[in-house]
Amino acid sequence: MVVTDAQQQETSGTGGQRRVLVVEDEPTIAESIAARLGAEGFRVAVSHDGPTAVDCFQTWQPDLVVLDVMLPGFDGLEVCRRIQAHRPVPVLMLTARDDETDLLVGLGVGADDYMTKPFSMRELAARVNVLLRRVERAQLAARTPVGGTLRLGELEIDHVQRRVRVATSDVHLTPTEFDLLACLAAQPRAVLTREQLLAEVWDWTDASGTRTVDSHVKALRRKIGANWIRTVHGVGYALEAPAP
């Protein structure tokens with residue numbers, strides 16, 4: 001494990017002294033990511049294989065993980081499974097393959113977001129900050145709960161405990177999936193555009209990220225049931241109770 005201190009610890013900027021674990025087997029890419037995040041004010045640790053990444057996660061306790069899918073030892077999907085079993089943490093996955101099946105599998109094992117190589121370091125840093133802000137919002141909501149429990153048919157969303165139940169069965173959602181569902185449920189049956197969801201859930205206004213919305217909706221449907229979210233082609237999505 002290599003740990004890189006933030007370049008300006010006294011004025012740590014948007015990242016504060018948050019810790020980010022970068023797991024990437026290509027040294028050039030890993031060094032570039034570490035340098036950019038260090039410039040953003042983060043402390044950064046770098047691992048180059050699956051087993052080392054899991055060990056580093058357990059000992060260093062990062063606030064977020066940037067995780068490549070293809071790794072020696074065992075792959076990023078297995079790394080994600082193991083670290084999420086140890087302690088839930090936001091994960092930004094990196095993939096060299098623009099394959100929707102791979103992306104859905106990544107989201108299914110606990111990743112919160114993904115980026116396809118090649119990517120811009122500016123966008124990666126922005127997404128890291130967005131994921132961490134979402135964690136902060138969730139922690140604040142837990143301390144000052146607003147809204148209580150929302151019920152729509154057999155769907156129950158507990159905003160205080162950030163828990164979801166469908167037909168009395170608990171459904172495990174990632175923080176991003178919960179925020180996406182809560183956003184749709186705040187205006188049931190209303191159609192929200194991909195751009196609206198991207199801005200509300202991801203704090204991201206670049207329309208190039210709308211495919212991220214589509215992939216997360218598909219992952220969410222797999223967990224709560226396909227009939228809960230209606231697609232309005234060319235526009236966006238709406239949450240509706242399925243027909244009995």
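The axes used for packed helices are lines fitted to C-alpha atoms over the stretch in contact, and the angle between them runs from 0 to 180 degrees between N-to-C directions. The legends below refer to a predicted model.

**View 1. Helices α6 and α8 pack against each other at an angle of about 90 degrees.** In this close-up, α6 and helix α8, which covers residues 210–224, have axes that lie 10 Å apart. Angles of 65 to 115 degrees count as roughly perpendicular, and α6 is therefore roughly perpendicular to α8. On the side of α6 the residues that take part are T176, E177, L180 and L181, and these meet H216, V217, A219, L220, K223 and I224 in α8. Sorted by class, the contact of α6 with α8 holds six nonpolar, two polar and two charged residues.

**View 2. Helices α2 and α3 pack with their axes 10 Å apart.** Here helix α2, made of residues 50–60, and helix α3, made of residues 76–86, are set at an angle of about 15 degrees. Angles under 35 degrees count as roughly parallel, and α2 and α3 are therefore roughly parallel to each other. The crossing of these two helices, α2 and α3, is right-handed. From α2 the contact draws on G50, A53, V54, F57 and Q58, while α3 contributes V79, R82, I83 and H86. By class, the contact of α2 with α3 is made up of five nonpolar, three polar and one charged residues.

**View 3. The largest pocket of the model has a volume of about 500 Å³.** The lining of this pocket is formed by 21 residues, and the closest to the pocket centre are Q84, P88, V89, T174 and P175. Two helices, α5 (121–143) and α6 (175–185), each supply at least two residues of the lining, and the largest share, three residues, comes from α5. When the lining of the largest pocket is divided by class, 10 residues are nonpolar, six are polar and five are charged.

**View 4. A cis peptide bond links K117 to P118.** The omega angle of this bond, from K117 to P118, is near -5 degrees. P118 is placed in the loop that runs between β6 (113–116) and α5.

**View 5. A167 has a positive phi value, although A167 is a residue other than glycine.** The phi angle of A167 is near 50 degrees, and the residue is found in the loop between β9 (163–166) and β10 (169–171).

How values were computed:
Residues are numbered from 1 along each chain as its sequence is written. This is a predicted model: local features need pLDDT of at least 70, side-chain atom pairs count only at pLDDT 80 or more; totals for chains, interfaces and linings use all residues. Side-chain values use heavy atoms; hydrogens and water are left out. On a 1 Å grid over the protein atoms alone, a cavity is a set of points where a 1.4 Å probe fits but cannot get out, and a pocket is an open set with protein on both sides within 12 Å along at least five of seven lines; lining residues have an atom within 4 Å of a point. Grid points are joined across faces, edges and corners, and a volume is the space filled by probe spheres set on the points. Helices (H or I, at least four residues) and strands (E, at least two) are DSSP runs, numbered from the N terminus. Ala, Val, Leu, Ile, Met, Phe, Trp, Tyr, Cys and Pro count as nonpolar, Asp, Glu, Lys and Arg as charged, and the others, Gly among them, as polar. Angles under 35 degrees count as roughly parallel, over 145 as roughly antiparallel, 65 to 115 as roughly perpendicular and the rest as oblique. A crossing is left-handed if the near helix is turned anticlockwise from the far one by less than a right angle, and right-handed if clockwise. Contact means heavy atoms within 4.5 Å.
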